[in-house]
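I opened this model to look up its overall layout, its core, its ligand shell and a few individual residues. The notes below were kept in the order in which I looked.

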Amino acid sequence: MRTAELTPQDVVLEVGPGLGSLTLGLLPVAAHVTAVEIDPRLAALLPRTAAERAPTLAGRLTVVEADALRVQGLPDPAPTALVANLPYNVAVPVLLHLLELLPTLRRALVLVQAEVAERLAAAPGSTAYGVPSAKAAWYGDVRRAGNVGRRVFWPEPNVDSGLVALDRRPPPPGDRAATFAVVDAAFATRRKGLRAALARWAGSPAAAEARLRAAGIDPTTRGEQLSIADFARLAATQVPA
Ligand SMILES: C[S@@+](CC[C@H](N)C(=O)[O-])C[C@H]1O[C@@H](n2cnc3c(N)ncnc32)[C@H](O)[C@@H]1O
């Protein structure tokens with residue numbers, strides 16, 4: 001999803017609008033923009049900037065002064081798309097938190113550090129595949145949507161950036177928290193085979209092996225080989241008696 005592909009019905013959630021240059025680009029192409037900004041001075045300034053620079057569109061903007069990592073609800077209208085230059089140090093937890101909090105979010109297009117973009121969009125079996133890739137894949141289909149070099153920013157940061165697009169689809173069957181617990185356990189010691197890596201999660205290596213076999217997964221496999229559907233199936237297995 002490029003911002004140009006937003007429909008006039010989309011309600012866009014932006015995180016970290018700062019001085020509002022992206023916000024001003026989003027207002028003409030969306031039904032509404034809700035911007036979550038942690039800095040009280042910037043949050044207070046943004047409605048004034050919109051009123052000055054885009055007076056006919058300023059009524060479409062709601063600014064919420066909050067930490068996007070901890071926000072527990074947003075004012076109506078419910079957002080349908082997340083479009084954000086995310087704060088890089090918290091990009092993955094913010095993205096996962098908002099996808100969990102806001103089931104109305106159907107799509108996301110976020111700018112993150114290039115290495116994080118690679119991890120978020122990585123497929124099972126690749127070296128970049130890990131916790132962020134598996135958890136993001138629980139919510140939707142994730143893909144790289146472009147590279148952004150450091151030179152387009154001023155001041156120039158010391159990292160390159162990448163765009164990541166996510167299209168929501170129904171999650172795999174099973175409980176999200178239980179699935180994420182297996183993902184965390186599997187990647188905590190990613191060099192170990194799953195029988196050993198999941199011993200604490202399952203209660204013992206033998207219990208881990210029984211649950212892996214019940215899910216149809218070879219116990220010598222490593223976590224990086226499993227898709228999110230595999231993790232969900234594993235989480236749903238019964239603890240052996
Ligand atoms: C555009 S973002 C990120 C810019 C750049 N990619 C980086 O990581 O430094 C910067 C804005 O995000 C805001 N911000 C930082 N952490 C935030 C959070 N947890 N919730 C909401 N806004 C946040 C900052 O106050 C600032 O206005």
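The entries that follow go from the whole chain down to single residues.

**Ground rules.** I am working with a predicted model, in which local features need pLDDT of at least 70 and side-chain atom pairs count only at pLDDT 80 or more, while totals for chains, interfaces and linings use all residues. I number residues from 1 along each chain as its sequence is written.

**Overall layout.** I took the extent along the principal axes and found that the C-alpha atoms fill a box of roughly 65 × 35 × 30 Å. The secondary structure comes to 10 helices and 7 strands, where helices (H or I, at least four residues) and strands (E, at least two) are DSSP runs numbered from the N terminus. Of the 241 residues, 39% count as buried; a residue is buried if 20 or more other C-beta atoms lie within 10 Å of its own, exposed if 12 or fewer, and partly exposed in between, with C-beta atoms placed from the backbone. I call two residues in contact if their C-beta atoms, placed from the backbone, lie within 7 Å, and among contacts with a separation of 6 or more, 60% join residues 24 or more positions apart.

**Domains.** The protein is divided into domain 1 (11-168) and domain 2 (176-235), with bounds that come from an automatic or database domain assignment. Their C-alpha centres lie 31 Å apart, and the contact takes 9 residues from domain 1 and 12 residues from domain 2. On the domain 1 side I found 6 nonpolar, 2 polar and 1 charged, counting Ala, Val, Leu, Ile, Met, Phe, Trp, Tyr, Cys and Pro as nonpolar, Asp, Glu, Lys and Arg as charged, and the others, Gly among them, as polar.

**Core.** Which residues have the most contacts inside the largest nonpolar core? They are L95, V110 and V164, in a core of 68 residues, a core being a set of buried Ala, Val, Leu, Ile, Met, Phe, Trp, Tyr and Cys residues joined through C-beta atoms within 7 Å. Helix α3 (residues 91-101) gives this core its largest share, 6 residues, and at least three residues come from each of domain 1 and domain 2. Beyond four places in sequence, L95 touches L86, A108, V110 and A136.

**Ligand shell.** I counted 15 residues around the ligand, with G16, G18, A68, P87 and Y88 the closest; a residue belongs here if its C-beta atom, placed from the backbone, lies within 6 Å. The shell has 9 nonpolar, 3 polar and 3 charged residues. For "binding site", the unreviewed UniProt entry lists M1, G16, E37, D67 and N85; its positions are given in the numbering used here, feature names are shortened, and annotations may be inferred rather than shown by experiment.

**N85.** I placed N85 in strand β4 (residues 81-85), and N85 is buried because 20 other C-beta atoms lie within 10 Å. Leaving aside neighbours within four places, N85 is in contact with G16, L22 and L111.

V11 is found in strand β1 (residues 11-15) and is buried, with 21 other C-beta atoms within 10 Å. V11 and P77 are 66 residues apart in sequence, yet 6.9 Å apart from C-alpha to C-alpha. P77 itself lies in the loop between β3 (61-65) and β4, and the peptide bond from D76 to P77 is cis, with omega near 0°. The bond from W154 to P155 is also cis, with omega near -5°, and P155 sits in the loop between β6 (140-148) and β7 (161-168).
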